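This report goes through one protein model, with attention to its fold and its charged side chains. Please look at the sequence and the structure before reading on.

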Amino acid sequence: MQRITSANRVLALANGLSAPLASDLAMRLTAIGRPTEFVSDPIGQQISARQLRSADACVVISGSGANESSIKAARSARAANAVLVVVTSFASSPLVSLADIALVVAPAHGYFRHELEYTSRVPHAVLIESLVEIVSGRLGEASRSA
C-alpha cells in the first residue's frame, strides 16, 4: 500500500452497493492524515479520475468488478496513468484486468447473482479497515498526529 501512502492525490470511487465503502475509505484515510477524495456521481468520477496523474492513486471498489460506471472511472484513471487499486470479489472481473493492484476477497458463493442478492459487504469492509491500518502504520507519526 506504499502507492497509496506516497501518492500526491488519492481518489476513492464506487457505485451501487459498494459506494458506502468508498466513502468510508476516503473518510478513514483522511482521518489518519492521508487526504482522500470521494466522488459519488458516476460522471464526476470519470472527470476526477481523468484529472489524476502518474503520481496519484485511484481506488475502485466493486463487489462484482463489473459495474459499468466503475469500469468507466477505472478506464479514466488508467488513461491518466494513475495507479489503479481495485477491491472486488472476483479475480476474473473486468476491473481486475485494468488494475495495477487487485485486492480480491472471494465471495461465499462464486456466482454473480449471489453477489447481488446475498453477499455482505462485511469482507470488503474488513479489508478496507486493514488497508487503512497498513497506511496508518506507514505514515507513522504523521498519522498519529492527524
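Does R78 count as buried, partly exposed or exposed, and what is its relative accessibility? The model is predicted, and in it R78 has a relative accessibility of 32%. Buried means under 20% and exposed means over 50%, so R78 counts as partly exposed.

**Overall fold**

The protein contains eight helices and five strands. Read from the N terminus, these elements follow the order α-β-α-β-α-β-α-β-α-β-α-α-α. The radius of gyration is 14 Å, close to the 15 Å that the globule rule gives for 146 residues, so the protein is as compact as a globular protein of that length. The C-alpha trace spans about 45 × 30 × 25 Å along the principal axes of the protein.

Of the 146 residues, 49% count as buried. Among contacts with a separation of 6 or more, 71% come from residues 24 or more positions apart. The accessible surface is about 7000 Å², and carbon and sulfur atoms hold 54% of that surface.

**Charges and salt bridges**

Five salt bridges are found in the whole structure. The table lists some of them.

| Salt bridge | N to O distance |
|---|---|
| D24 and R28 | 2.8 Å |
| R78 and D100 | 2.6 Å |
| E141 and R144 | 3.3 Å |

R78 forms its salt bridge with D100. This pair links distant parts of the chain, with R78 in helix α4 (residues 68-79) and D100 in the loop between α5 (94-98) and β5 (101-104), 22 residues apart. D100 is partly exposed, with a relative accessible area of 43%.

D24 and R28 both belong to helix α2 (residues 19-31); because they are four residues apart there, about one helical turn separates them. D24 is partly exposed at a relative accessible area of 24%, and R28 is partly exposed at 30%. Which residue joins D24 and R28 in a network of salt bridges? The network links D24, R28 and E129.

E141 and R144 lie in helix α8 (residues 141-145), where a spacing of three residues amounts to about one turn of the helix. E141 is exposed, with a relative accessible area of 51%. R144 also counts as exposed, at 61% relative accessibility.

Conventions: Residues numbered from 1 in each chain as written. Predicted model: local features only at pLDDT ≥ 70, side-chain atom pairs only at ≥ 80, totals over all residues. Heavy atoms only, no water. Helix = DSSP H or I, 4+ residues; strand = E, 2+ residues; numbered from the N terminus. Rg over C-alpha atoms; globule rule 2.2 N^0.38 Å. Buried < 20%, exposed > 50% of the residue type's maximum accessible area, 1.4 Å probe, protein only. Contact = heavy atoms within 4.5 Å. Areas by Shrake-Rupley, 256 points an atom, 1.4 Å probe, with all protein chains shown as cover. Salt bridge = Lys/Arg side-chain N within 4 Å of Asp/Glu carboxyl O.
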